[in-house]
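Here are a few notes from my pass through the coordinates. Have the viewer open while you read, and tell me if anything looks off.

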Amino acid sequence: MRLALMLTLAFLFQVKTSSVPKWQASDDEYPSALELSEDGLSLMEPAIVPEPKDGSRWWYTPSRRAHVHSAKAKSRLMQKMMSNKVNEDLRLPGDVLPSIYSIRLLPFIEEGNFTTDGHIDIFVDCIRDTNSISMNAADITFKSLSITVLDLTTNSPLAIVDFVDEQVTREIVTIKTATPLTAGNRYKISMDFTSILNDELRGFYRSSYMENGVKKWLAVTQMEAPDARRAFPCFDEPNMKANFSITLGRKTTMKTASNMNILSTNPIDGMPGYVWDYYATSVTMSSYLVAFLVSEFEAVPTSTTHRVPFRLWVKPQSAHLAGYSLSVGPELQEFFERYFKIDYPLPKQDLAAIPDFAAGAMENWGLVTYRESALLIDVPRESRGRRQSVADINAHELAHQWFGNLVTTDWWNTIWLNEGFATYLEFPSMDAVEPDFRFTDQFVVIELHYVFGVDALETSRPINLPVTTNDEINNMFDAISYDKGSCIIRMAADFIGLETFTRGLTRYLNARAYKNAVEDDLWLALQQQSDEEGVSLPATVKEIMDTWTLQMGFPLINVTRDYNTGGAVVSQERFLLRKDPGSTDTHVYRWWVPLTYTNGGSLVRQIQWLSKDQASRTISNLGATDKWVIFNYDQQNLYRVAYDTENYRLIAEQLMVDHTRFLDNNRAQLLDDTFVLASVHLVPYKSALDLSLYLKYEKEYVPWNAVLSELNYIDSMLYNQPQFSQWTVHLTNLVTPYYNHHGFQESTLDAHLTVFGRSDAMSWACKLMVPDCVDNSKAKYAQQMASPDNTTILSPNQKSIILRTGVENGGQTEWDFAFNQYKSKYDTSYLIAATKSRDTSRLNTLLERMIDSQSGIRLSEVNTLFNNVASNPVGNPVATDFLVNRWTDIEQSWLGTNYFINFFRYVCNRQNTQAQLDRLLQLRTDHSDILGNSKTVQQGIDVVVENIKWMELHQEEIGNWLSVSVPTTTTTTTTPSPPVPAGSPSVYQTSAILILVFCFLGLFIMH
Ligand SMILES: [Zn+2]
C-alpha cells in the first residue's frame, strides 16, 4: 500500500491530490499536507499538522520534515500507551486454517440498496481438536440457517449448537459445533450473508463519478490492513494464506475485474440482465490482497505486447490519461522479474484508477488499485514532479507483487518487510525504466533526510512494534515502516555489498514464496548469502540489524580528531531534535554502526564498526592531519555526523577549492547535517555557514535541495532584523550562479534534475529579486494576462513561481487578474499567487473576501488562503491583525468558529519576539473558550518560544559571521536569458503540441 510516500512526494513535487478521505477526516477541518503542497512555496514553508486527538503534544523543530510528521508519531505512541486493548484477544486461535475459499458475491450498486448478497464455502484444515470455529467478520449480516459445517472425511454435517456474533467488539464470529472438529481432518464451512457496499473507502465499498451529467456508481475493494472481513467472513490474518475462487455477479451493462482471469460468464437464473463472471482460482495469498472491481470502466490495454498482458481500468472520459502508466507499468514488472529472477506468477496484470480511494494505491495481486491522481497523467501538460510521482507509485506497487504478495509479513508488527522493501525497490526499478530521473541519486533528499526528521523525536517508535488492535495496525503504515524501513535496507545493502545483498533477497523470496516471513527469515537468507560469498562482518546480520529494527531512533556520530596522532575518537549517542526535560525514557540507545569514511588524501571508502556495546572507540590512522575526513561515505547509512571545528574548516576549504572531491550525497549530507546540528546548538553556526559559501559553485540538484529548507528557516527568522540585508546579499550571492546555470527557459532536452533544479533556483532567485528571474516571470505573466485561456503559456514546472512573482512584482491589475482567474477557472494556484502580494491593502481585501461567502472563495480553500497570507513576510502582521481585530466578524461570517485554531497556528511560524508571543498569549486568554484547550494552539505557542530561543542563541552569531564573511553588496551578476519572442511558440508550447499529436496517434492505434 502506498500512504506515506505519497505525502513525501507531494511535498517535494507539489502533487495536487484530493483531500483527506472521509473516514479519516477529523472534526476540525485541517488542510492536509497534500493540500498545502499546492503552494509552490511549500518547499520553504513549514506545514501544519492536525491536532492529535489523544491528548498528546508535539514539538516544533526548524526542520520541516520533522515538523510534518511529529504529530503522527506522538499520536501513535500515545494511542498505544493509552489503549487498554493491547492484550485483548483479537487474534484468531489458529485451530482451523483456511485452504480454499469459494466466494460468490452479487453487489447491488444502486441508490437505495448498496448491499451485496454473498455465499461462501471455506475449506479448512483442522490443526487442533476444537468445537468452535472463529473467523473475522465486520458489518456482515449472516443468514443463520444457512450456516453449515461439513466433515469432508466422512461427508457428514456437524450439528451446530451456537453462533456467537462478536462483530461489534472483536470483529469475530464463532460457530460452535456439538462434536469437535478433529485435527488432521478437512471441513467445509458454508454460509449465506449480506454485506454493505459502504462509503467508508474500506472493505467492498461504493464510489461514483459524473459522466455527461449522469452519476455513475461502481463498487471496489480496499482490504488492507484488516478489512477483507467487511466484504466476506474470512480468516483475516496475513499468515492465514489460502486460494481464492471468486464469482462476481453484475449487470450486463457493467464489467468486473478481480485478481485472476475470467474463465466463463453465465446468466444468473431468474435475474434477466444479470450475469455471473467465474474467475480462475488464485495462487496462495493473504486475504488482504483479494480485490474486486464492478464498474462501467473501460479496460485500456497496452500498445505493446508483453508476456503478461497489462490493462488499465479507467472511467471512459479519462482513458486518454492512461498511456504513461501503461508504458512504464509493464517495464517495471519485467524489471523485477529480471532483478529477482522470479517470474510474475499470474496470467495478467490490471491497474485501476478509482475516483474515491483512501490510500495512494494498493498492491492487490493482479488488480492494483490507485487513486486517480496516482495513476493517470496528462504527460505534456503536467509537471515533471507529477510524472516522477506516477512512475514511482507504479514502481512501489509492482515491487509489492514480490515483496508483500509472494512473501508476506507474518504479522503487522513487521509490515516494513512489505513496505520498507517496496519503498527501497522503487529506486533501482525507476533507474531501469526512467534513467533520466536519476531516482537513486534523489534517495537522500526523498527518504533519508526526511527520516532524520521523523525519527529524531522522542515520540518515534521502533520499526518492529508489537500491535494487536486495528488502530494500532493501521498506524503502522507510516514513515517509520516505509521510509526508515527503506533506509536500513539500503544501509544493509551497503555493508553486505549490493550484489550479494540482491542475491540474498532472491534467496529469501525463494525460501518463503507463497508463505510468510518474520525478520529473522530475512536476516537468515542474507547471512547465508554473505557466508557463501565470503563477506566478512563483525557480527551476524541479525545481531547488527536487530539494533536498527528493535529500538527507535538513530545515532549521532561524533568524530573528534587527534591532530597529533592522526586518529580520532568516534562516539555514538541517540540524536534528538529536542530533549524533553520530563522524559522518562531510560533506554540506553546503542547501535551496530558501520563507520564508513574517507579522507582527502585517498578518497577510498574505508569501513570500521562501532559495536552496540561501545559508546565510543578510537580509530587510528585517518590519513594526513592536514587533510579532511568525512564519515558516512556516500551517505549510505542512517546516522548524522558531527566533527571537531578543525575538520569542518578543512572540509570548507576543500569545498571552496574543488567541491567535486566529495560525492553529491556527501555534499548534501554535509549541508543537511551541519545546519540541523547548528539549529539544535550542537555545532556552531559558523561551521555550517562556512560550508555553505561553496554553494556559489554548486550546480547539482540534490545538495541544493538538501539545504534550502534549512536556509529558509534562517531567512524567516532574520526577516526585518538588522542582519537581514546582509543575509539577503549572502543568499543572492549563492543562488544567482545556480539560477544562471539553469536559466529561465526550459528546453525539451533538459534533464529531469535540471527541471527540478531550475524550479528550486527560480523559486529563490525570484524571491531574492534576481532581475533576470523577475523580468522573465513578469513577461510570462503578462503573456498569460493577454491570453487568459491559453493553458500552454506557463510550463507546469514553473507555473506557481511565475504566478507568485507576477503578483509580488505587479500592481492592482496583476492582482485582479490572479483573483479573477481563480474564480473563473477554479485554479488554486492563482489564489495562492494572490496571497503573495507585497501590498498590505490587497492582502486585507483578500481576507475580507475570505469572510464573504459570496466572493467566490471556496470553503475548502480558506485554510490555504489564510496560511499563505500568514507565511508571506508582509502578510504575517496583516493576518495576525485580522485575526485579533476581526474575531467577531469572522465568527459571524460563514466560517463560524471552525477556523480559529488553524488561523492561530498559521500566524505563529514566523513570529519570534516576546511582544508577538505576549500578543498571542493574550489572544488565547481572550478567547479561551475556543483556543484555551487546543493542542494545536499550544503547538503554535511552542513554535514561537523555540523561535525566540533560537533568536537569542543565534541571531547575533549569524550576524557576526555575515559581517565578517559577506561583502556588503552582491558580487555576482546575472546573465540574462534570451528573451521570449512574443507570439512565437515557446519550447514548451511546441513540445506540448507535438506530444498531444503523439497522444492522439497513440490512442488511435490502441483502438
Ligand atoms: Zn506499499
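Which residues of H28 and H29 meet each other? Point 1 takes that up; keep in mind throughout that this is a predicted model.

1. On the H28 side you'll find Phe-904, Val-907 and Cys-908, and they meet Leu-920, Leu-923 and Arg-924 of H29. Sorted by class, the residues of this contact come out as 5 nonpolar, no polar and 1 charged.

2. Now the geometry of that pair. H28 covers residues 900-908 and H29 covers residues 914-926; their axes come within 11 Å and cross at roughly 170°. Angles over 145 degrees count as roughly antiparallel, so that is the label for H28 and H29.

3. Compare helix H6 (residues 384-400) with helix H19 (residues 752-767): here the axes come within 10 Å, with a crossing angle of roughly 130°. That makes the two oblique to each other. H6 brings Arg-384, Gly-385 and Gln-388 to the contact, while H19 brings His-752, Val-755 and Phe-756. The class count for H6 with H19 is 2 nonpolar, 3 polar and 1 charged.

4. Have a look at Thr-805 too, which sits in helix H21 (residues 799-808). Is Thr-805 buried or exposed? Its relative accessibility is 0%, so Thr-805 counts as buried. A polar atom of the Thr-805 side chain lies 2.7 Å from the backbone oxygen of Ile-801. Leaving aside residues up to four places away in sequence, Thr-805 touches Cys-766, Val-774 and Ser-777.

5. Next, the sheet. There is an open sheet of 4 strands, ordered S9-S10-S15-S12, and the pairing is antiparallel. Which strands stand at the edges? Those are S9 (203-211) and S12 (255-258); each has a single partner strand, so one side of each is left without a neighbour in the sheet. On average, neighbouring strands of this sheet are turned by 15° against each other, direction ignored.

6. S12 pairs with strand S15 (residues 292-295) in the antiparallel sense, over 4 bridges.

Notes:
Residues numbered from 1 in each chain as written. Predicted model: local features only at pLDDT ≥ 70, side-chain atom pairs only at ≥ 80, totals over all residues. Heavy atoms only, no water. Axes fitted to C-alpha atoms, helices over the stretch in contact; angles between N-to-C directions. Parallel < 35°, antiparallel > 145°, perpendicular 65-115°, else oblique. Contact = heavy atoms within 4.5 Å. Nonpolar A, V, L, I, M, F, W, Y, C, P; charged D, E, K, R; others polar. Buried < 20%, exposed > 50% of the residue type's maximum accessible area, 1.4 Å probe, protein only. Polar contact = N/O pair within 3.5 Å; in protein donor to acceptor, adjacent residues only side chain to side chain. Pairing = 2+ DSSP bridges.
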